[in-house]
Amino acid sequence: MALVPLLGAGSGQRPGRGALLGFAFGIGFFGVLIYWFSLVGWLAWVLAVLLESLFVALFGASWAIVSRRLHGIFAVPMGAALWVATEYLRSRVPWGGFTWGELAQSQHNLLWVLRSAGIAGAWGTGFLIVAANGFLYAGLLSLRGSRARAAGCVLAAGVTLCLPLAAPTSSATGPPLRVAVVQGNVPRSFTGNTLAKEQHIMRSHVRLTEQLASQHPDLVVWPESAVGIDPRRDPAVARELTTAARAVHAQMIVGANLDVDPEHYKVVALLVSPRGKISDIYQKTHLVPFGEYVPGRRFLSWVPMLEQIPEDAIPAAHGKLFTVHGQKVAPVLSFEGDFGSLVRGRIAMGAHLLVVATNTSTWGTTPASAQHVAMSQVRAAENGVWVVHAALSGISAFIAPDGAVAASTPLWRATSIVRTLHFSTAETFYTRTGDWLPIGCLGASVIALGMSLIRRRNKP
């Protein structure tokens with residue numbers, strides 16, 4: 001019911017006031033949700049909060065315009081469409097978008113609500129949440145007149161939230177795969193130089209992997225940045241990878257960085273054979289702006305904070321799948337797993353398992369790591385696949401196709417977890433059809449806003 005005050009305060013207002021109310025709502029919401037941005041600088045936190053709040057301001061202005069023409073329950077689906085359209089825009093612009101804080105993520109542990117994600121993605125879950133809030137607001141308005149009408153609106157809110165129960169539950173019944181996640185951890189008080197730190201992290205992963213030999217995994221996953229030294233250029237690093245792979249005699253997916261030149265590098269996932277040879281490479285396609293590269297770097301060289309990003313990563317043009325035990329696996333790296341449209345595209349390519357390799361160690365003990373796991377829960381429910389969520393310093397997790405966390409690790413502990421998963425054998429409706437709902441909501445929003453503005457202009 002957290003959106004009821006925003007819907008109520010902005011309903012029927014002038015667009016400017018609606019935008020101001022939405023902006024204030026956004027400041028409160030994002031200011032708390034991503035306060036951990038401040039760990040890399042308060043300026044980064046302020047700018048991120050202001051930027052994301054502008055999208056809520058856009059919703060507030062649009063809602064103010066449309067709600068002047070639509071009243072009561074007739075405004076409910078339009079309000080939900082406006083919210084989904086705004087979230088869709090936020091996932092696209094600027095610099096490829098930012099999806100943190102989508103409404104669907106708030107439902108990550110309400111598995112019956114997440115069923116809707118298999119039909120229309122995270123967008124469908126968000127639509128239902130806003131619609132339920134809209135019905136509750138309509139019920140509050142109706143208290144002034146008909147209590148029966150108010151009760152009907154509250155009932156409609158309940159029915160809206162129960163609609164996902166009609167959707168099928170997702171499960172994976174394909175061939176089994178025994179998977180191990182190695183969480184090598186990052187030393188928090190390391191006194192050596194960067195090279196020594198990278199070597200320490202890699203050796204921690206090697207040591208933990210060697211201890212898994214008795215558990216006979218089919219696949220071992222190392223997180224993003226587990227190998228920070230290019231194994232193609234450093235024979236010692238290549239030997240460490242070979243040692244780990246041969247110890248467990250299993251394929252490995254290893255997060256690594258590869259050098260390009262003094263100013264550029266690639267963020268990759270390596271597929272390592274049981275004999276320790278690199279058999280395939282996935283290069284990250286969706287990079288973190290102001291994290292892995294600086295947009296317009298030559299114009300921003302005066303910003304001191306950007307000295308923390310001396311090199312720019314290079315994105316790949318297209319994603320790719322790995323073949324593990326004869327089945328297709330979709331690797332995504334960190335930030336990419338936050339985008340439902342991107343992940344859905346990889347699963348639609350024929351993948352039957354999703355591996356999210358990430359590094360959230362920058363964010364310390366804040367809720368950032370748990371929030372990232374919540375995103376992977378939504379990705380699992382959207383596509384009906386098991387998700388292997390491997391984090392360098394935690395939280396790592398195995399997530400079932402319905403979004404349930406089957407096993408997880410604590411933060412800041414060098415450890416490993418092993419579980420037998422199953423490849424999926426069927427696609428969800430969302431995987432097959434894609435972003436039909438947000439595109440439809442975007443079109444409906446443009447039409448509704450246009451009609452509202454035309455009517456207002458023609459009014460005597």
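**Close-up 1. Relative orientation of helices H6 and H7 in the predicted model.** Helix H6 (residues 117-142) and helix H7 (residues 147-162) have axes that cross at roughly 170° and come within 7 Å. Angles over 145 degrees count as roughly antiparallel, and H6 and H7 are therefore roughly antiparallel to each other.

**Close-up 2. Residues at the contact of H6 with H7.** H6 contributes Leu128, Ala131, Ala132, Phe135, Leu136, Ala138, Gly139 and Ser142. From H7, the residues they meet are Arg147, Arg149, Ala150, Cys153, Val154, Ala156, Ala157, Thr160 and Leu161. By class, the residues of this contact are twelve nonpolar, three polar and two charged.

**Close-up 3. The largest nonpolar core and a second, separate one.** The largest nonpolar core holds 62 residues, and Ile34 and Leu354 have the most contacts inside it. Helix H4 (residues 76-90) supplies the largest share of this core, nine residues.

**Close-up 4. Surroundings of Leu354.** Residues up to four places away in sequence are not counted here. Leu354 touches Ala330, Val332, Val343 and Ile347, and also Arg379, Val385, Trp386, Val387 and Val388.

**Close-up 5. Ser53 in helix H3.** Helix H3 spans residues 42-67 and contains Ser53. Buried means under 20% relative accessible area; Ser53, at 0% relative accessibility, therefore counts as buried. With neighbours within four places in sequence left aside, Ser53 is in contact with Gly22, Phe23, Gly26, Ile27 and Phe30.

Notes
Residues numbered from 1 in each chain as written. Predicted model: local features only at pLDDT ≥ 70, side-chain atom pairs only at ≥ 80, totals over all residues. Heavy atoms only, no water. Axes fitted to C-alpha atoms, helices over the stretch in contact; angles between N-to-C directions. Helix = DSSP H or I, 4+ residues; strand = E, 2+ residues; numbered from the N terminus. Parallel < 35°, antiparallel > 145°, perpendicular 65-115°, else oblique. Contact = heavy atoms within 4.5 Å. Nonpolar A, V, L, I, M, F, W, Y, C, P; charged D, E, K, R; others polar. Core = buried A, V, L, I, M, F, W, Y, C linked by side-chain atoms within 4.5 Å. Buried < 20%, exposed > 50% of the residue type's maximum accessible area, 1.4 Å probe, protein only.
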